[in-house]
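Reader: I would like to go through this model term by term. Please set each value against its cut-off.

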Amino acid sequence: MPIETYMAHHQALILLSINNLLNDNILQKRFMGNPEIKAVDILLQERMPRDMLITKEKKEKTKKIKYTGYDNYIENEYTKIDEVLRKCTVIANGDYMISIDDKGEGVSKYKDIIINKYKETKDAKQGIFMYVKNIRTNNIWKANYDFRDENRGKYKAIFSDDKARFIKQRDDIETEVSIIAAEKLNAEIRNIKIKNKSNKEEVLEISSIFEPVLSKKEDDIAHPAFNNLFLKYSLSEERRLNCKKK
């Protein structure tokens, strides 16, 4: 047999709703007048507030992950480089870490020691870069992304769990720069492969350039000129002998 029941708290909610309607949302105003509730106001809103600051103006498009034949090995490939929205990867072996973006700009670090100078500015792109010079044409270009390069469309960055690769083509010369962190050594290995896609014989000159820091980030920021006084450069004896033989 059905039994009708009336619970007091249900009746109270009905009366409070009537009171709130007749007195211009008086209960909501009292509730939001509590400082503890006002502090979490954003969590109580069911829709996006109009005056909320949006820090990310550009949304990333969903990109399909490229599988390379292994169950847990994937590669992310980027062919369209955005000047504002950067895609980054981190390669590390524990103590040695390489942080690099899709343009090839980044910083290397051993524990708390910064290897190369990296301070994001509009007038200087910082990192460890490789340049290629065609001796026949005297053309010089960066093996990584360069917004000034007319052929920057023939460029792609490929990120995987253990390495970063940058493939670029200029004047029928294709370069592939791969970067990994050594497994058992606190060092990084940067390798460049060069492919000539023309029928002409070319002579190329490869240069690598970066601004060393070899100290803590705080020390370099506090007094960069003083910090550079303690940097010493020398060519190893073994390297010097190899250069003479060539």
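Reader: Which residue is the bridge partner of Glu 77 in strand 9?

Author: The partner is Ile 158. This is a predicted model, where local features need pLDDT of at least 70, side-chain atom pairs count only at pLDDT 80 or more, and totals for chains, interfaces and linings use all residues. Residues are numbered from 1 along each chain as its sequence is written, and side-chain values use heavy atoms, with hydrogens and water left out.

Reader: How do you know that strand 2 and strand 9 pair?

Author: Two strands pair if DSSP finds at least two bridges between them. Strand 2 and strand 9 have four bridges, in the antiparallel sense. Therefore they count as paired. Strands themselves are DSSP runs (E, at least two residues), as helices are (H or I, at least four), numbered from the N terminus.

Reader: What joins strand 9 to strand 10?

Author: A hairpin does, through three residues. Five bridges join these antiparallel strands. Ile 158 has Arg 165 as its bridge partner in strand 10.

Reader: Why is strand 9 called largely enclosed?

Author: Buried means under 20% relative accessible area, exposed means over 50%, and partly exposed lies in between (1.4 Å probe, protein chains only). Five of the six residues of strand 9 are buried, so the rest of the structure largely encloses this strand.

Reader: What makes a set of residues a nonpolar core?

Author: They must be buried Ala, Val, Leu, Ile, Met, Phe, Trp, Tyr or Cys residues, joined through side-chain atoms within 4.5 Å. The largest such core here has 18 residues. Among those with the most contacts inside it are Tyr 155, Phe 159 and Phe 166. Strand 4, strand 9, strand 10 and strand 11 each give two or more residues to this core.

Reader: Why is the contact of Arg 86 and Asp 101 called a salt bridge?

Author: The rule asks for a side-chain nitrogen of Lys or Arg within 4 Å of a carboxyl oxygen of Asp or Glu. Arg 86 and Asp 101 meet at 3.5 Å, N to O. So the pair passes. The two residues are 15 apart in the chain: Arg 86 in the loop between strand 2 and strand 3, Asp 101 in strand 4. By this rule the count comes to ten salt bridges.

Reader: Is Asp 101 buried or exposed?

Author: Asp 101 is buried, because its relative accessible area is 1%. Arg 86 is partly exposed, at 27%.

Reader: What makes Arg 136 and Glu 202 a salt bridge?

Author: Their side chains meet at 2.8 Å, N to O. Glu 202 counts as buried at 16% relative accessibility, whereas Arg 136 counts as partly exposed at 47%. The pair spans 66 residues, linking the loop between strand 7 and strand 8 to the loop between strand 12 and strand 13.

Reader: Which residues are linked in a network of salt bridges?

Author: Glu 75, Arg 165 and Glu 176.

Reader: How do you know that strand 7 and strand 8 pair?

Author: They share three antiparallel bridges. Lys 133 stands opposite Ile 140 in strand 8. The open sheet has the order 8-7-13. Strand 8 and strand 13 are its edge strands, because each pairs on one side only.
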